[in-house]
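Here is a short briefing on one protein model. Keep the sequence and the 3D view open while reading.

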Amino acid sequence: MPRILIIDDQKDVRAMVAIVLRVNRYEVAEADSGAAGLKTFAEGSFDAAIVDIFLGDVSGVDVIATLREQAPGLPVVAVSGMTALDFMEQSSHLANVVCLQKPFRPNDLLQALRKAQAAASGELPAAV
């Protein structure tokens, strides 16, 4: 069962994402901050991460950069309330990161996760 790390400081968003993933046979770990997410990631093995760009304690871009330093091929979905292009150029670690704008539907989340997995495995060019 694929294991996904969700890093989002909004409890309701984290809960919705976790439910959608669990219903679709993913194992889920949740973190309510960037620091907690990085700690959880360091303590376990994950197949992908879903990271909010605007976290209370640290930038999601920085969290993604750290995750990618530790696991360069990690599929990542970046979640944001703003359009993807507003933050995509901030870091080279955002290459092949799939952006998902809030609010999103469960099907959009699953599609973004599949795109991120395909981009990370080289099946797709940089996915946005």
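Which residues of helix H3 (residues 60-70) are buried? They are Gly-60, Val-61, Val-63, Ile-64, Ala-65, Leu-67 and Arg-68. Buried means under 20% relative accessible area, with a 1.4 Å probe and protein chains only. This is a predicted model: local features need pLDDT of at least 70, side-chain atom pairs count only at pLDDT 80 or more, and totals for chains, interfaces and linings use all residues. Residues are numbered from 1 along each chain as its sequence is written, and side-chain values use heavy atoms, without hydrogens and water.

**Sheet**
- Five strands form an open, parallel sheet in the order S2-S1-S3-S4-S5. Strands (E, at least two residues) and helices (H or I, at least four) are DSSP runs, numbered from the N terminus.
- Strands pair if DSSP finds at least two bridges between them.
- S2 (27-31) and S5 stand at the edges with a single partner strand each, so one side of each lacks a neighbour in the sheet.
- Four bridges join S1 to S3. Ile-6 has Ile-50 in S3 as its bridge partner.

**Helix H3**
- The buried residues of H3 pack against S1 (3-7), H2 (34-43), S3 (48-52) and S4 (76-80). Contact means heavy atoms within 4.5 Å.

**Cores**
- The largest nonpolar core has 21 residues; Ile-4, Val-17, Leu-21, Ile-50, Val-77, Leu-109 and Leu-113 have the most contacts inside it. Such a core is a set of buried Ala, Val, Leu, Ile, Met, Phe, Trp, Tyr and Cys residues joined through side-chain atoms within 4.5 Å.
- Apart from that core lies another, of 20 residues, including Phe-41 and Val-63.

Key: Buried means under 20% relative accessible area, exposed over 50%, partly exposed in between (1.4 Å probe, protein chains only).
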